[in-house]
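Biologist: I want to learn how to read a packing core and a ligand shell. Can you take me through one case?

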Amino acid sequence: MADAPQPPANDDRLRHALRQTLESLAGAGVRQLPSGVAVAQEWREAAKQRPAPVAATETTAAPPVSVSTTSPSAERPLPPPKPRPTAPYPQAASPALAGDVSTAKTLKVLAEEVAACTLCYELASTRTQTVFGVGDPQARLVFLGEAPGADEDQQGEPFVGKAGQLLNKILEACRLRREDVYILNILKCRPPGNRNPLPEEAKNCRRFLNRQLQLINPEFICCLGSVAAQNLLGTTETIGKLRGRVHQFQGVKVVCTYHPAYLLRTPSAKKQTWEDMKLLMRELGTPVD
Ligand code: SF4
């Protein structure tokens, strides 16, 4: 690499300034100069005013020191502010924390969490799939059952078997469509042999149920059967005693009635269920005969 051009030493500054001045004058067409003393004085003044070239190495002469009454910070503009660091992580992964994310999307994320859940070893190891829930994410009315059966376990949707078909008929009689309400269960996994959920399993799955209800935020819950009613309301009262009146669960009105599977086995109980549905529909403000 070629050496950087060396600036003139102090004694050479005069010659350097003289040469530049002569070149400038010649370029301007000047062919005659004034007397030597006057010219020399002029060159000296020019040399004093002309700043030395910027040092290229540490060994070159220091540039002239400028005297200033202002502080360095006032003399130099402040450097522009550094750009604000961006978050080292993406925005909250849980859409529940973001106000602009819809309930449906949040429920979908929760459903994916449920699908990966293995808290109940026996259920997680025997299920075909989890059964999260179905319906309008902003429904006024939620139907709460017990747990998926064989059909639900196969199809991944609650109340799709014979009991589900009966529930559809009850909804029709109430002038409701399945897609107008939300249907879910206490448990998201099928207990083997359709046995009742164990207390431990209901406890494990409660956080998912609570989150679903929190997101859907219904005005009414209809508990289908004793398992749903007792778990939701935290009581040991029988369904026979719980039905026929309105309960409260965290500000939500709750009506309890028999499970459709029970009605299939005990058709005589349909009359009482119909009374419960009429009570529910009156509370909803859309009474049925
Ligand atoms: S029943 Fe609920 S808590 Fe138990 S494994 Fe299934 S999803 Fe998880």
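Modeller: Start with terms. A residue is buried if 20 or more other C-beta atoms lie within 10 Å of its own, exposed if 12 or fewer, and partly exposed in between; C-beta atoms are placed from the backbone. A nonpolar core is a set of buried Ala, Val, Leu, Ile, Met, Phe, Trp, Tyr and Cys residues joined through C-beta atoms within 7 Å. This is a predicted model: local features need pLDDT of at least 70, side-chain atom pairs count only at pLDDT 80 or more, and totals for chains, interfaces and linings use all residues. Numbering runs from 1 along each chain as its sequence is written.

Biologist: How many residues does the largest nonpolar core have?

Modeller: In general, nonpolar side chains tend to be buried together in soluble globular proteins. Here the largest core has 47 residues. Val142, Leu144, Ile186, Cys222, Cys223 and Ala228 have the most contacts inside it. Helix H8 (residues 199–216) gives the largest share, 5 residues. Helices (H or I, at least four residues) and strands (E, at least two) are DSSP runs, numbered from the N terminus.

Biologist: What does Cys222 touch?

Modeller: Contact means C-beta atoms, placed from the backbone, within 7 Å. Leaving out residues up to four places away in sequence, Cys222 touches Leu141, Phe143, Leu144, Val255, Thr257 and Leu280.

Biologist: Which residues come nearest the ligand?

Modeller: Near means a C-beta atom, placed from the backbone, within 6 Å. Of the 15 residues around the ligand, Cys117, Cys120, Cys189, Asn204 and Cys205 come nearest. H8 gives the largest share of this shell, 4 residues.

Biologist: Is helix H9 mostly covered or exposed?

Modeller: Mostly covered: 6 of the 8 residues in H9 (226–233) are buried.

Key
Two residues are in contact if their C-beta atoms, placed from the backbone, lie within 7 Å.
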